[in-house]
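Let's take a walk through a protein model together. Keep the structure open beside you as you read.

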Amino acid sequence: MAFINDNFLKLQKNYLFADIAHRVEAYKTAHPDAPIIRLGIGDVTRPLVPAVIDALHKAVDEMAHAETFRGYGPEQGYEFLRSAIVANVFEPRGIALSADEVFVNDGAKSDTGNFGDILGRDNTICVTDPIYPVYIDSNVMAGRAGDFNNGLWSKITYCACSEENDFIPELPTKPVDMIYLCYPNNPTGTVLTRAQLKKWVDYALQTGALILYDAAYATFIRNEDVPHSIYEIEGAKECAVEFHSYSKTAGFTGLRCGFTIVPKEVTARGADGTRVHLNPLWNRRQCTKFNGTPYIVQRAAAAIYTEEGKRQVKEVVDFYLENARIMRETLMATGLKVYGGTDAPYIWFKTPEGMKSWDCWEMLLNDYALVSTPGVGFGPSGEGYIRLTAFGTREDCVEAMRRLKK
Ligand code: PLP
């Protein structure tokens, strides 16, 4: 008889968005004609840009001819995309990387979850709170989280982010081995300046901790003081891996592509205390468990780095940032305390009159037919907040604000 991985039974019953979908379905059944606006789940609404579509068509045509057909590709990604990433994402920021430090993936969710495969089970985890739930759930599955009591996992260190500390997390007060940072942040839409991020890099260098830096929303940054990559901070190549995604920046939520940076310098401790390089270990893991992102998708991703691709994608990101501005300013004008939305596609606001997140969520649905996300779904420090995404259509965004203003 086969045994299961018992850790899976420890996972919380309802995944946040499944729970929301369930409640929205119930509302729809009770109010079939309600004009529902969805600003909850972070899926995009703009189509792929023309440069990407052209690249897809061309790549599909290549697949039709024996001379240009591609079968299995390199597990790490095609050289044309890895080099384009180095040249267009990192070199302009003064970050020197080589193509073999770039691992193309099928989206940041997979790699943020999978990276733990090459890290020991006894590592202690640190997350900022509230946070993208994948970091926690993937560590629950791996057996690193301990037990769930009163909304917290016993072996996870939570660094609370709330209006009290202006959403700038304090360094952990007890030793931790793996630190998840996500900036610009999902769900709060807040960012760290270079000086604030440097504290974490210095801490990791001093203590030997590994930072798992999720830069899925880096393209939304407009403030010059905010780093687009952790490698803008000196020493980060020795202590951090970084995850990127094309999902929100270029509408790839359905195409599936992103990349992970594992610098040659980054190490973690082996059982005998020696430093082991993570780049070859991750390469080995990928070669065994991953057979590469589809060729046509990688061609589509490379098109983002052509002159017209860059321009078109920037227009899409600017469009979402304009949605964010409209929402942020409208909500602030109503007297709500609003965070995020300037360097990120998320608006995070404090519920009125100390309402609980889910109560406010229900009110937004029942009184305004507006689907949001309850802050508490991202962790205990999210209690009393609501997240809205800027990925809706302009019409929905404006209409949602019109209803809320009333
Ligand atoms: N990381 C963060 C912080 C996210 O918010 C998301 C998606 O919402 C992802 C990663 C997943 O991105 P992808 O679609 O590339 O898997």
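Start in the loop between β14 (346-350) and α12 (357-368), where you will find E353. The model you are looking at is a predicted one. E353 is not a glycine, yet its phi is positive, at about 55°. How accessible is E353? Its relative accessibility is 80%, so E353 counts as exposed, since the cut-off for that word is over 50%.

Now move to another loop, the one between β4 (148-149) and β5 (152-153), which holds N150. Here too a residue other than glycine has a positive phi, in this case near 50°. N150 is exposed, with 78% relative accessible area. Why point these angles out? Most residues other than glycine have a negative phi, and most peptide bonds are trans.

Between D129 and P130 the bond is cis, with omega at about 10°. You can find P130 in the loop between β3 (125-129) and α6 (134-141). Another cis bond links Y183 to P184, with an omega of about -5°. The loop that contains P184 runs between β7 (178-182) and α7 (194-207).

Finally, let's look for empty space inside the model. Rolling a probe the size of a water molecule over the atoms shows where such space is left. The count comes to one cavity of 30 Å³ or more, and the largest cavity holds about 30 Å³ of space.

Methods:
Residues are numbered from 1 along each chain as its sequence is written. This is a predicted model: local features need pLDDT of at least 70, side-chain atom pairs count only at pLDDT 80 or more; totals for chains, interfaces and linings use all residues. Side-chain values use heavy atoms; hydrogens and water are left out. On a 1 Å grid over the protein atoms alone, a cavity is a set of points where a 1.4 Å probe fits but cannot get out, and a pocket is an open set with protein on both sides within 12 Å along at least five of seven lines; lining residues have an atom within 4 Å of a point. Grid points are joined across faces, edges and corners, and a volume is the space filled by probe spheres set on the points. Helices (H or I, at least four residues) and strands (E, at least two) are DSSP runs, numbered from the N terminus. Buried means under 20% relative accessible area, exposed over 50%, partly exposed in between (1.4 Å probe, protein chains only).
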